[in-house]
Amino acid sequence: MPRQSPGSDATTRRLLSLCGPLPERPRVLDLGCGPGRSALLLAAEAGAEVTAVDLHEGFLDELREAAEARGLGDRVRAVNADMGALTCEDGSFDLVWAEGSAYIVGFDRALASWKRLLAPGGALVVTECEWTVDEPSPGARAFWDPQYPLRSTARNLAAVQVAGYRVSGVHHQPDSDWVEYYGPLGERVRACEDPTEDPTAGAPARAAIAAVREELDVRERHGQEYGYTGYVLRPVTAGDGGAWPARPETAADVAGVREVNLAAFETPLEADLVDALRADSSWLPGLSYVAGRPDGSVAAHALLTRCEVSGTPALALAPVAADPALQRSGAGSAVVRALLSDARARGESLVLVLGHPAYYARFGFVPASRFGIRAPFEVPDEAMMALVLDDTVPIPAGTIAYPAPFGV
């Protein structure tokens with residue numbers, strides 16, 4: 001097989017473009033490299049020094065031969081190793097690359113364990129198979145759930161946020177990427193004798209052919225229900241808010257919170273809203289957060305209060321404010337990340353926000369309409385956003401009911 005998962009050179013190039021500027025000779029770790037299509041492209045087109053890791057020596061031999069034939073032998077090092085038990089030193093790579101292989105260890109484990117390998121400014125590039133419909137059919141679930149339960153893009157973005165990454169790029173792979181994988185796979189299977197009619201075929205051969213035929217059949221019948229998405233991720237750093245200590249507000253912060261909201265917005269409406277919510281039953285003690293300056297004064301503020309979607313409890317993120325003098329310092333991001341982390345730890349499952357899509361996407365928010373959630377007023381679809389904190393809890397659909405102080 002030329003590839004071990006759906007993909008294409010075009011997708012590899014697209015993901016590479018989303019990484020932004022790279023060092024002149026970037027150090028790349030290609031995990032689950034297979035026969036090395038991505039490794040060879042990265043070495044040739046990005047000028048990278050690629051360490052390509054796989055457990056199957058046959059793939060690595062194929063990669064070594066191809067690298068030498070293309071004059072890339074000095075740039076591609078094939079290593080037989082387990083991606084789940086890497087011994088590489090921390091901060092060794094500018095890019096950690098995993099096309100179609102993170103499922104081997106699991107998406108969440110991949111996010112957690114591979115972060116340490118990134119040098120400052122480095123990026124994790126990973127592709128993951130996901131549901132592309134809100135309600136997958138029983139047939140699709142019967143195939144996927146026992147072997148690798150899929151999640152939606154929204155839920156994987158939530159996992160990215162919880163794991164401490166910011167999103168630099170997202171690429172939904174086209175159907176043609178599946179053709180590059182399943183076309184050759186189907187040809188190989190059709191060329192095989194039916195093992196059930198071959199008395200010399202052993203049980204492993206029969207099981208392997210049966211499994212591939214089932215996979216091809218499921219793709220033909222349910223392929224519109226799932227697909228691969230590529231993510232370009234960077235660990236949260238001081239510039240994203242790591243330098244700003246964030247914590248729940250205290251009574252001593254109340255005046256500072258009001259000052260920050262007055263400074264951040266053109267009218268006092270947001271500052272008055274915070275004061276009104278403090279006196280409302282929707283107020284949740286401990287979910288009003290501040291980021292503090294070294295002198296203890298408030299640099300940024302973010303608030304979560306109780307709202308509902310079709311009678312199901314959810315959280316409303318509003319307002320979020322930072323001292324205008326500290327714009328782009330990461331103070332606002334710090335307080336939002338800390339607040340969302342606290343909400344998740346408390347067992348909350350859904351957060352809603354009306355805001356700028358480019359800003360809130362970094363935390364994993366996606367358009368709420370993907371879940372059938374809508375605002376009780378006219379608003380651009382992309383501005384009403386949702387973040388799933390717990391993907392084991394059903395997501396309600398319907399209209400958001402805000403607390404009375406919101407006045408809607």
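Buried here means under 20% relative accessible area. The model shown in these views is predicted.

**View 1. Strand β11 within the structure.**

**View 2. Strand β11 and its pairing partners.** Strand β10 (residues 283–292) pairs with β11 in the antiparallel sense, over six bridges. In this pairing, alanine 291 stands opposite alanine 300 of β11. Strand β12 (residues 312–322) is also antiparallel to β11, with nine bridges between the two. Here glutamate 308 faces proline 313 of β12 as its opposite residue. A further antiparallel pairing joins β11 to strand β17 (residues 398–401) over two bridges. Isoleucine 400 in β17 is the bridge partner of valine 309.

**View 3. The turn between β11 and β12.** The two strands form a hairpin, with two residues between them. Serine 310 lies in this turn and has a positive phi of about 55°.

**View 4. The buried side of helix α1.** In helix α1 (residues 9–18), the buried residues are Thr11, Thr12, Leu15, Leu16 and Leu18. These residues cover an arc of only 160° around the axis, which puts them on the same side of α1. An α-helix has 3.6 residues a turn, so residues three or four places apart point the same way. The buried residues of α1 pack against helices α2 (37–45) and α7 (175–191). They also pack against strands β4 (93–98), β5 (118–131), β7 (165–172) and β8 (226–235). Glycine 20 follows α1 and has a positive phi, near 75°.

**View 5. Serine 101 in its loop.** Serine 101 lies in the loop that runs between β4 and α4 (107–114). Its relative accessible area is 2%, under the 20% limit, so serine 101 counts as buried. Leaving aside neighbours within four places in sequence, serine 101 is in contact with Leu31, Gly32 and Met83.

View 6. Cysteine 19 is in no disulfide, and the nearest cysteine sulfur, that of cysteine 33, is 18 Å away. With a relative accessible area of 2%, cysteine 19 is buried. Cysteine 88 is in no disulfide either; the nearest cysteine sulfur is again that of cysteine 33, 13 Å away. Cysteine 88 is partly exposed, with a relative accessible area of 24%.

Conventions: Residues numbered from 1 in each chain as written. Predicted model: local features only at pLDDT ≥ 70, side-chain atom pairs only at ≥ 80, totals over all residues. Heavy atoms only, no water. Buried < 20%, exposed > 50% of the residue type's maximum accessible area, 1.4 Å probe, protein only. Helix = DSSP H or I, 4+ residues; strand = E, 2+ residues; numbered from the N terminus. Arc of directions from axis to C-beta. Contact = heavy atoms within 4.5 Å. Pairing = 2+ DSSP bridges. Disulfide = S-S within 2.5 Å.
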